[in-house]
Amino acid sequence: MINKILAPSILSADFRNLESQIKLVEEAGAGFIHCDIMDGQFVPNLTFGSIIIEAVKKCTNLPLDVHLMIKNPDALIPDFVKAGADFITVHAEEVVHLDRSLNRIKELGAKAGVAINPSTPVESLSEILDIADLILVMSVNPGFGGQKFIPNSLKKIKRLADWKKGYDLSYLIEVDGGVSLENVREISEAGCEVFVAGSSVYGSKNINTTIKKFLEII
Ligand code: DX5
Ligand code: ZN
C-alpha cells in the first residue's frame with residue numbers, strides 16, 4: 001500500500017513570505033511542494049521560472065514537484081533539474097516526442113511526469129505508461145488556481161489505477177485542480193495517490209489544521 005501524498009501548490013501562497021509559507025505546509029505533513037511554471041503562452045498566465053525553484057529548494061527538504069505549463073519544455077528541462085526539481089512534469093499536448101522528453105528528464109537525474117489536460121484522453125499515454133514516474137490528471141483547464149473540479153477526471157484516475165494494478169506498473173497518479181476537503185475522499189477512492197491543492201490549503205484560515213484534515217481523509 002502506497003502512502004498518499006498531499007502536494008500544496010505555492011501558486012496560492014503569500015509570496016511576501018514564501019519561505020515561511022513553505023515551512024508551514026512541511027511541518028503540517030505535506031509530502032511534496034508543487035510548483036506551477038506558466039509562460040503566458042501554453043496557458044494564459046505567467047508565474048515564475050528556475051530562479052524561484054532554486055530559492056524554494058533552499059527552504060525545504062521536501063521533493064519539488066515541478067509542473068511545466070510552458071511551450072517547448074524540452075529546452076528548459078536541464079535548467080529546472082539544475083535548480084533542484086525532483087519531479088518534472090511536461091504536458092502531453094505540448095511535447096512532440098514524449099518518449100524522448102521523459103527519458104531525457106530521467107537521464108538528467110529527475111523523476112519524469114506527464115500531465116494531461118481535461119480534454120486529453122488517458123489512452124493517449126498507453127505507450128509510455130512504463131516510462132513515466134508520475135501521471136498528472138489535470139482536473140481543471142490549467143492556468144489558474146481556484147477553479148472548479150471537473151468530475152470526468154475521476155474516470156481518468158480510475159482507468160489509470162486499473163492499468164497500474166493490472167499491468168503491475170509503478171507510476172504515481174496525481175490530480176491537480178479544484179481539490180478540496182469536500183471532494184478529496186472521492187478522488188482518493190478513485191485511486192489517486194498525489195493530491196495537488198492550492199487555494200484550499202493556502203486560502204484556508206488555518207493551514208496546519210486544513211492539511212491535517214486532508215491527510216486524515218486521504
Ligand atoms: C492550475 C495549476 C494548479 C493550481 C491548483 O493550472 O496547475 O496546480 O495551483 O490550484 P487549486 O488547488 O486552487 O485549484
Ligand atoms: Zn499544477
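This is a predicted model: local features need pLDDT of at least 70, side-chain atom pairs count only at pLDDT 80 or more; totals for chains, interfaces and linings use all residues.
I looked up the strand order first. I found 8 strands in an open sheet, running S1-S8-S7-S6-S5-S4-S3-S2, with parallel pairing. I then asked why one side of S1 and of S2 is left without a neighbour in the sheet.

**Strand S1.** S1 pairs with strand S8 (residues 194-197) in the parallel sense, over 4 bridges. Within this pair, alanine 7 stands opposite valine 196 of S8. Next I looked at the side chains. In a regular strand they alternate between the two faces of the sheet. In S1, Ile5 and Ala7 lie on one side, Leu6 and Pro8 on the other. Are these four buried or exposed? All are buried, so both faces of S1 are covered; buried here means under 20% relative accessible area.

**Strands S4 and S5.** I looked up a second pair. Strand S4 (residues 87-91) and strand S5 (residues 111-116) pair in the parallel sense over 5 bridges. Threonine 89 has glycine 113 in S5 as its bridge partner.

**Helices.** I looked up which strands two helices lie across. Helix H4 (residues 98-107) lies across S4 and S5 and runs at about 145° to S5. Helix H2 (residues 50-57) lies across S2 and strand S3 (64-69), and its direction is at about 170° to S3.

Key:
Residues are numbered from 1 along each chain as its sequence is written. Chains are lettered from A and ligands numbered from 1 in the order in which they are written. Side-chain values use heavy atoms; hydrogens and water are left out. Two strands pair if DSSP finds at least two bridges between them. Contact means heavy atoms within 4.5 Å. Axes are lines fitted to C-alpha atoms, for helices over the stretch in contact, and angles run from 0 to 180 degrees between N-to-C directions. Buried means under 20% relative accessible area, exposed over 50%, partly exposed in between (1.4 Å probe, protein chains only).
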